[in-house]
Amino acid sequence: MIVDQAAMLREIKKKEKHLNNQEGALVATGAYAMRHHDIRVISVTSGKGGVGKTNITANLAYLLAGQKKRTLVLDADAGLANIDVVLGINSPYNLYHVLNGEKTLSEAIISGPRGIKILPSASGIPEMAELSRGQKLTLIDELNTLNDSLDFMLIDTSAGISSNVMYFNMAAKEIIVVTTPEPTAMTDAYALIKVLYQRHAKRRFRMIVNMVKSANEAREIYSRLSNATDHFLNLTIEYLGYIVLDDKVRESVRQQKLVAELHPECPAVKCLTKISEKISAETLEEYENGSIKFFWENIIDKSRA
Ligand SMILES: Nc1ncnc2c1ncn2[C@@H]1O[C@H](COP(=O)(O)OP(=O)(O)OP(=O)(O)O)[C@@H](O)[C@H]1O
Ligand SMILES: [Mg+2]
């Protein structure tokens, strides 16, 4: 893809100027704190790949939409098999075009079932930490336009501890760690939590145990992990829920449809529904720091560092 560097720089400069004015005006009027109080930003992350993040994120968005919660999925994974593939949707534009100022967010966002919004990722997206202040401001400016139209922003991250994973987890504050009973998935989940806690001062983690045979097995996996974080990190992680191993999930992925849409009564969807209800029943005050205001401030702060 050929990007006109000069045009891109001009666009970034324009945005930067505009945003500086906007920040000043918001601080002056005190409107800043009030404007962003109602969006919860939640990252769905894991140490090991293939544990079910993308499926969980997409289906949770769909189930939250069923509870009248307007939800955007930000695909922050530059790998393959992403949200758009899971949903069988093609999009010509993605985060890359937004960051370059080539497209607005609303031009890049696509609609999925039940009107969920999806901002697709691209293999070309740079590491967030390497973005210029202008590019970050572009993203913030664009996200700003969504403020009144969303209740939740779910971020589907890549697996592991790369800087992009750290970046999106840092910005989100509300972090859901997904693991399976597989020993490597558990040890990698532990390693991810450890890095986020020790290097990035994250204190609150909630866990989903996916692909289990029973609720008891999930509890057992959660106990082992939380005992380890308690013991070695002096950190308690919270239990959010479990999802049973269910062939209907794989079958739906093959059909490029959400399992929650195709098989609303199957065991995995019953588990996902419980999790979505738990999330939406929480009040925002419990997660004040997970709001989109925090997300934006973090992006700006990091660009000043
Ligand atoms: N509860 C489940 N039961 C059966 N299969 C599942 C379940 N959850 C996920 N899967 C399957 O596991 C595979 C990996 O899922 P998914 O792509 O969502 O994982 P991921 O964590 O996003 O992977 P990556 O790290 O590569 O992005 C898919 O084929 C999916 O269908
Ligand atoms: Mg994925």
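Colleague: Which residues are the closest around ligand 1?
Modeller: This is a predicted model, in which local features need pLDDT of at least 70 and side-chain atom pairs count only at pLDDT 80 or more, while totals for chains, interfaces and linings use all residues. Residues are numbered from 1 along each chain as its sequence is written, and chains are lettered from A and ligands numbered from 1 in the order in which they are written. A residue is near the ligand if its C-beta atom, placed from the backbone, lies within 6 Å of it. Of the 21 residues that surround ligand 1, the closest are Gly 49, Gly 52, Lys 53, Thr 54 and Asn 55.

Colleague: Which elements give two or more residues to the shell around ligand 1?
Modeller: Helices (H or I, at least four residues) and strands (E, at least two) are DSSP runs, numbered from the N terminus. Those that give two or more residues to this shell are helix 3 (53-66), strand 7 (205-212) and helix 11 (247-254).

Colleague: Is strand 1 largely enclosed or open?
Modeller: A residue is buried if 20 or more other C-beta atoms, placed from the backbone, lie within 10 Å of its own, exposed if 12 or fewer, and partly exposed in between. One side of strand 1 carries Arg 40, Ile 42, Val 44 and Ser 46, the other Val 41, Ser 43 and Thr 45, and all are buried. Because seven of the seven residues of strand 1 are buried, the strand is largely enclosed by the rest of the structure.

Colleague: Which residue in strand 6 is the bridge partner of Thr 45?
Modeller: Two strands pair if DSSP finds at least two bridges between them. Strand 1 runs parallel to strand 5 (residues 152-159), with six bridges, and parallel to strand 6, with four bridges. Ser 46 stands opposite Ala 159 in strand 5, whereas the partner of Thr 45 in strand 6 is Val 177.

Colleague: Is Gln 135 buried or exposed?
Modeller: Gln 135 lies in helix 7 (residues 133-144). Because Gln 135 has 22 C-beta neighbours inside 10 Å, this residue counts as buried.
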